[in-house]
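Please look over the sequence and the structure first, and then follow the topics in turn.

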Amino acid sequence: MDSTKNKAANVDEYIAGFPKEIQQLLKAVRATIKKAAPKAEEMISYQMPAYKYYGSLVYFAAFKNHIGFYATPIGHTAFKKELSVYKEGKGSVQFPYNRPLPLALISRIVKFRVKENLKKEKAKKEIQQAERDFEKMAAKKGIAEAFWYFADSNAVIRGANDSL
């Protein structure tokens with residue numbers, strides 16, 4: 001019962017490839033993720049169920065004695081204390097079959113990852129808008145004036161962020 005041998009095309013096929021008792025656990029993890037991130041795209045990536053929403057959110061997989069849960073290093077760092085009771089890797093945690101699944105914790109981690117990805121997407125859009133604004137100003141007033149305007153604006157923004 002090793003997820004790396006499961007060559008499923010979708011999450012339903014992935015889950016169906018395991019014994020009934022493991023299927024129930026996988027279905028519970030899946031439902032928890034889908035409830036916490038209803039807009040996330042579900043897929044198979046790295047031969048395991050994966051969820052993406054403005055980038056990777058989480059992955060999970062069944063193994064011989066545990067369910068592996070992968071929320072990237074930042075997703076695990078934010079919940080370090082709560083996850084410390086489980087075996088962990090840099091961006092992974094193992095939920096053993098002989099203990100109840102921490103579905104509420106999984107839900108909080110997924111919601112945290114959604115917020116993180118939304119922040120990154122917002123910042124990316126702000127940078128893109130600033131680049132468009134710079135190009136417009138450079139076309140109108142010249143590159144030197146646009147550069148100094150944005151350099152001054154950026155210094156003010158950095159100063160405001162430093163005071164937070």
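Buried residues make up 37% of the protein's 164 residues, where buried means under 20% relative accessible area, exposed means over 50%, and partly exposed is in between (1.4 Å probe, protein chains only). The model is predicted, so that local features need pLDDT of at least 70 and side-chain atom pairs count only at pLDDT 80 or more, while totals for chains, interfaces and linings use all residues. Residues are numbered from 1 along each chain as its sequence is written, and side-chain values use heavy atoms, with hydrogens and water left out.

**Overall make-up**

- The protein has 6 helices and 6 strands, these being DSSP runs numbered from the N terminus (helices H or I with at least four residues, strands E with at least two).
- Read along the sequence, these elements follow the pattern α-α-β-β-β-β-α-α-β-β-α-α.
- Among the contacts in the protein with a separation of 6 or more, 49% are between residues 24 or more positions apart, a contact being heavy atoms within 4.5 Å.
- The protein exposes about 10,400 Å², and carbon and sulfur atoms supply 57% of that area, as computed by the Shrake-Rupley method with a 1.4 Å probe; for residues, only the protein chains shown count as cover.

**The sheet**

- An open sheet of 6 strands has the order S1-S2-S3-S4-S6-S5, with antiparallel pairing, and two strands pair if DSSP finds at least two bridges between them.
- Strand S1 (41–45) and strand S5 (87–88) stand at the edges and each have a single partner strand, so one side of each is left without a neighbour in the sheet.
- Strand S2 (residues 48–52) pairs with S3 in the antiparallel sense over 3 bridges, and lysine 52 has serine 56 in S3 as its bridge partner.
- Strand S3 (residues 56–62) runs antiparallel to S4, joined to that strand by 4 bridges, and a hairpin connects S3 to S4 through 3 residues.
- Strand S4 (residues 66–70) is mostly covered, with 4 of its 5 residues buried, and S4 also pairs with strand S6 (residues 92–96) in the antiparallel sense over 5 bridges.
- Glycine 68 in S4 stands opposite alanine 61, and the bridge partner of glycine 68 in S6 is glutamine 94.

**Helix H2 against the sheet**

- Helix H2 (residues 20–36) lies across S1, S2, S3 and S4 and runs at about 170° to S3, where axes are lines fitted to C-alpha atoms, for helices over the stretch in contact, and angles run from 0 to 180 degrees between N-to-C directions.
- Lysine 34 is found in helix H2 and is partly exposed, with a relative accessible area of 41%.
- Leaving aside its neighbours within four places in sequence, lysine 34 is in contact with Glu42 and Tyr51.

**Aromatic pairs**

- The structure holds 7 aromatic pairs, in which rings of Phe, Tyr and Trp (its six-membered ring) have centres within 6.5 Å, with planes under 30 degrees apart counted as stacked, over 60 as edge-to-face and the rest as tilted.
- The rings of tyrosine 14 and phenylalanine 18 have centres 5.1 Å apart and planes at 55°, so the pair is tilted.
- The rings of tyrosine 86 and phenylalanine 95 have centres 4.9 Å apart and planes at 90°, so the pair is edge-to-face.
- Phe69, Tyr86 and Phe95 form one aromatic cluster; tyrosine 86 is buried at a relative accessible area of 12%, as is phenylalanine 95 at 1%.

**Salt bridges**

- The structure holds 4 salt bridges, each a side-chain nitrogen of Lys or Arg within 4 Å of a carboxyl oxygen of Asp or Glu.
- Glutamate 42 and arginine 30 meet through their side chains in a salt bridge (2.8 Å, N to O), and this pair links distant parts of the chain, with glutamate 42 in strand S1 and arginine 30 in helix H2, 12 residues apart.
- Asp12, Arg30 and Glu42 are linked in a network of salt bridges.
- Glutamate 82 forms a salt bridge with arginine 108, with the closest N and O atoms 2.1 Å apart.
- Glutamate 82 lies in helix H4 (residues 80–83) and arginine 108 in helix H5 (residues 103–141), so the pair ties together parts that are 26 residues apart in sequence.
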